[in-house]
Amino acid sequence: DIDTEIDLALFGALGDLAQRKLFPALFHLEREGLLAPDTRLLGLARQELDVDAFRSRIEKALKTYVKAEELDREALARFLARLDFLPLDFTKPEGYAAIREWRQEAARPMVVYLSVAAKIYGDICRHLEASGSLDDESRVVVEKPIGYDLASSAEINDAIGAVFPESRIYRIDHYLGKETVQNLIALRFANPLFGTQWNQNHISHVEITVAEKVGIEGRWGYFDDAGQLRDMVQNHLLQLVCLIAMDPPANLDADAIRDEKVKVLKALKPFTDDMLGRDVVRGQYIAGTIDGRSVPGYLEEEGANRASHTETFVAMKTGVANWRWAGVPFYLRTGKRMPEKLSQIVIHFRQQPHYIFDPDQRELAANKLVIRLQPEEGIALEVLTKDSGLDKGMRLRRGPLHLDFSSAFPKTRIPDAYERLLLEVMKGQQYLFVRRDEVEHAWRWCDSLIAAWEDDEVPRRYPAGSWGPVASIAMITQDGRSWYEDY
Ligand code: BG6
């Protein structure tokens with residue numbers, strides 16, 4: 001890894017994502033010796049700062065977002081010494097020549113990271129090319145969300161594609177960088193036990209919950225245009241669906257994996273008007289209490305338009321219409337201001353074909369595989385055993401076979417998603433990045449839902465600190481099931 005040296009130009013270097021995630025991730029790579037000695041980092045932002053002032057800003061960000069015991073002084077000095085800064089108005093071509101000069105005709109590949117609004121991706125790519133700052137190896141990294149719907153995402157992808165070929169475009173979905181998300185591939189394809197059971201013959205339904213405790217955190221303007229469907233489902237949840245539902249790829253090559261994911265996205269059941277209210281529930285949080293603290297409702301957040309109908313929660317029942325998954329519902333839910341931060345997938349296996357135990361316990365008698373992505377990463381397989389005790393007869397009892405990552409592998413630090421993703425960009429490996437057709441099929445499916453709910457604009461209210469609107473519970477109980485609660 002150490003010889004994958006690059007020039008990294010980071011647009012939006014003083015933005016929230018860069019400060020909170022990207023610089024801390026790059027710093028961790030430095031600390032682990034994974035940044036090649038000659039790799040250089042150029043920050044770009046509109047503000048007029050000199051290099052020293054920029055380095056102090058980054059040092060401050062690292063002190064805020066990296067744990068004190070991990071902020072090794074020597075690594076910090078080495079890291080800050082790599083940093084350069086250029087003030088730039090991204091939308092104007094003037095000024096881009098300075099990037100070419102900064103490169104000094106360097107032989108190492110250039111990586112351009114766009115941590116800015118997607119609507120200016122095209123301008124930046126064009127100006128970079130026109131200024132001669134790029135070469136045949138240059139790569140571009142772009143953040144989600146790409147567009148607002150299929151049409152706008154196609155426009156943005158066209159603009160990037162006019163400058164960079166697909167093989168050098170790295171579309172981030174940071175969930176793919178999470179160690180536990182990658183583990184889905186290992187879990188499914190390295191364990192014959194699961195490999196043989198992973199289909200509609202053995203699985204009755206799948207649940208995915210991505211709950212967040214945070215609210216809008218000063219991002220009202222951005223979030224209100226997007227809503228939870230575009231902000232979380234179009235990308236993160238659908239990527240999880242893909243990894244759970246895809247067929248085994250022939251190997252671990254980027255396109256082998258992405259081809260299989262695209263097949264899942266194409267097979268997602270489109271939404272129709274009659275599914276609204278029954279199979280889709282949109283919610284918006286009102287004031288409530290989280291961890292004993294009162295928090296305002298979405299419409300009372302700073303900068304809010306009080307008449308907004310944007311959803312901060314969405315639950316849906318969908319499915320993958322193919323041979324493997326016919327008749328297996330996928331229940332998804334995600335929301336802001338839930339009681340806890342929790343990303344979890346639950347695979348519910350079917351019951352035995354013939355049941356011989358206590359009739360009262362019939363509902364209990366099925367295995368569940370609980371995959372906890374965050375926090376407290378781990379995997380638990382719920383199995384049934386005999387309840388012990390002389391008076392219990394053949395009563396059944398549920399218990400987990402539990403793999404808790406932090407206690408099973410105590411010495412390994414789970415790296416942040418961005419560390420892994422930045423490392424893969426440096427190595428030129430694309431398997432953790434989203435291909436254009438994935439983005440587009442995901443939009444096509446979301447667009448079918450957005451079109452259906454146009455007439456049903458008003459979201460249901462739920463108090464902050466609850467698990468969403470009551471209707472989202474009814475959505476699953478109407479099928480005789482419930483959202484999984486124990487772990
Ligand atoms: C981002 C969304 O992509 O993911 C945010 O824009 C959300 O709204 C975040 O809070 C959640 O990421 P994580 O890693 O905290 O689960």
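Here is a quick tour of the ligand site and some salt bridges in this structure. It's a predicted model, so local features need a pLDDT of at least 70, side-chain atom pairs count only at pLDDT 80 or more, and totals for chains, interfaces and linings use all residues. Residues are numbered from 1 along each chain as its sequence is written, and side-chain values use heavy atoms, with hydrogens and water left out.

**Confidence**

- The chain has an average pLDDT of 93, and 99% of the residues score at least 70; pLDDT is the predictor's confidence in each residue, from 0 to 100.
- For the complex, the predictor gives an ipTM of 0.98 and a pTM of 0.95.

**Around the ligand**

- The residues surrounding the ligand are Lys144, His174, Tyr175, Lys178, Glu212, Arg219, Asp231, Met232, His236, Lys336, Lys341 and Gln374; a residue counts as near if one of its heavy atoms lies within 4 Å of the molecule.
- Sorted by type, this shell has seven charged, three polar and two nonpolar residues. Here Ala, Val, Leu, Ile, Met, Phe, Trp, Tyr, Cys and Pro count as nonpolar, Asp, Glu, Lys and Arg as charged, and the others, Gly among them, as polar.
- Helix α9 (residues 220-245) supplies the largest share of the shell, three residues. Helices (H or I, at least four residues) and strands (E, at least two) are DSSP runs, numbered from the N terminus.
- Tyr175 has a polar side-chain atom 2.5 Å from an oxygen atom of the ligand.
- For Asp231, a polar side-chain atom sits 2.6 Å from a ligand oxygen atom, and for His236 the distance from such an atom to a ligand oxygen is 2.7 Å.
- On its own the ligand has 400 Å² of accessible area, and the protein covers 80% of that. Accessible areas come from the Shrake-Rupley method with a 1.4 Å probe; for residues, only the protein chains shown count as cover.

**Salt bridges**

- There are 41 salt bridges in the structure, each one a side-chain nitrogen of Lys or Arg within 4 Å of a carboxyl oxygen of Asp or Glu.
- Asp231, one of the residues around the ligand, also meets Arg219 in a salt bridge (3.9 Å, N to O). Asp231 lies in helix α9 and Arg219 in the loop between β7 (203-211) and α9, so the pair ties together parts twelve residues apart in sequence.
- Asp231 is buried, at 3% relative accessible area, while Arg219 is partly exposed at 35%. Buried means under 20% relative accessible area, exposed over 50%, and partly exposed in between (1.4 Å probe, protein chains only).
- Lys63 pairs up with Glu59, their closest N and O atoms being 3.0 Å apart. The two are four residues apart in helix α2 (residues 51-65), which means about one helical turn separates them.
- Lys63 is exposed, with 51% relative accessible area, and Glu59 is partly exposed at 26%.
- Arg397 and Asp387 form another salt bridge, with the closest N and O atoms 3.5 Å apart. This pair links distant parts of the chain, ten residues apart: Arg397 is in strand β16 (residues 396-404), and Asp387 is in the loop between β15 (378-386) and β16.
- Arg397 is partly exposed at 36% relative accessible area, whereas Asp387 is buried at 16%.
- Salt bridges with shared partners also join Glu5, Asp7, Arg40, Arg103, Arg108 and Asp135 into one network.

Key. A polar contact is a pair of N or O atoms within 3.5 Å; within protein, one must be able to donate a hydrogen and the other to accept it, and residues adjacent in sequence count only if both atoms are side-chain atoms.
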